[in-house]
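Thank you all for coming. I would like to walk you slowly through one model today, so please have the sequence and the picture in view.

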Amino acid sequence: MTHEMVDTLRPLLAAEASAEAYATGTESGDLEQAVWLRLLERLGTDGPPADPAAWLRGAVRFEARRAGRAARFERPYASEPADETRPDPEQLALGAARRRALHSAVRRLPGRCPRLMAALLSPQDLTYREIARELGISQGSLGPERSRCLGCLRRMLTSEVAAPEPRG
């Protein structure tokens with residue numbers, strides 16, 4: 001498709017699409033896009049139309065009728081279908097990535113820290129008494145050990161998620 005043909009057809013297409021859009025309840029920009037796409041498809045298979053202006057008028061009418069038929073079958077939702085109380089896929093993926101990074105760092109902690117942190121992060125929401133019994137340590141030493149493990153984990157994650165160096 002030559003630039004001259006595009007430049008010649010653009011104002012005609014805008015006028016035709018604008019005239020047809022109102023009757024079908026569609027946006028003129030949507031009609032224009034559909035016709036440009038049909039023209040590109042045609043150029044790829046059959047070459048340029050013999051009479052581009054006549055072809056364009058027919059294509060606009062065809063796309064307007066097609067959009068009108070589709071609009072007759074479309075029904076609006078009674079309410080918004082999106083459930084805003086649930087996280088979207090991106091939030092789920094980011095949350096899963098954060099949990100994987102955290103659990104990976106916890107596994108690399110020294111000494112009893114991996115077992116202690118795993119118990120603290122357990123979905124069973126264990127009490128200090130249950131964690132102490134599970135690890136075989138006194139309940140009184142659980143707090144100080146937890147603080148040491150959290151400090152180590154914090155230092156480890158801070159070094160892994162350090163701010164990037166400015167590029168210049």
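Predicted model: local features only at pLDDT ≥ 70, side-chain atom pairs only at ≥ 80, totals over all residues.

Let me begin with Ser122, which is buried because its relative accessible area is 17%, where buried means under 20% relative accessible area, exposed means over 50%, and partly exposed is in between, with a 1.4 Å probe and protein chains only. Residues are numbered from 1 along each chain as its sequence is written, and side-chain values use heavy atoms, with hydrogens and water left out.

Ser122 sits in the loop between α5 (113-120) and α6 (128-135), and helices here are DSSP runs of H or I with at least four residues, numbered from the N terminus. A polar atom of the Ser122 side chain lies 3.1 Å from the backbone nitrogen of Gln124. Asp125 is also in the loop between α5 and α6, but this residue counts as exposed, at 65% relative accessibility, and its phi is near 55°, a positive value in a residue other than glycine.

Now to the salt bridges, each of them a side-chain nitrogen of Lys or Arg within 4 Å of a carboxyl oxygen of Asp or Glu. How many salt bridges does this rule count? The count comes to five.

One of them joins Arg112 and Glu145, at 2.9 Å from N to O. Arg112 lies in the loop between α4 (89-107) and α5, whereas Glu145 lies in helix α7, so this pair ties together parts that are 33 residues apart in sequence. Is Glu145 buried or exposed? With a relative accessibility of 9%, Glu145 counts as buried, whereas Arg112, at 42%, is partly exposed.

Another salt bridge is formed by Glu63 and Arg66, whose side chains meet at 2.8 Å, N to O. Both residues belong to helix α3, three residues apart, which is about one turn of the helix. Glu63 is buried at 5% relative accessibility, while Arg66 is partly exposed at 41%. Together with Arg38, these two residues are linked in a network of salt bridges.

Finally, Arg10 forms a salt bridge with Asp7, and their closest N and O atoms are 3.7 Å apart. Arg10 and Asp7 are three residues apart in helix α1 (residues 3-24), and therefore separated by about one helical turn.

Note on methods:
Helix = DSSP H or I, 4+ residues; strand = E, 2+ residues; numbered from the N terminus. Polar contact = N/O pair within 3.5 Å; in protein donor to acceptor, adjacent residues only side chain to side chain.
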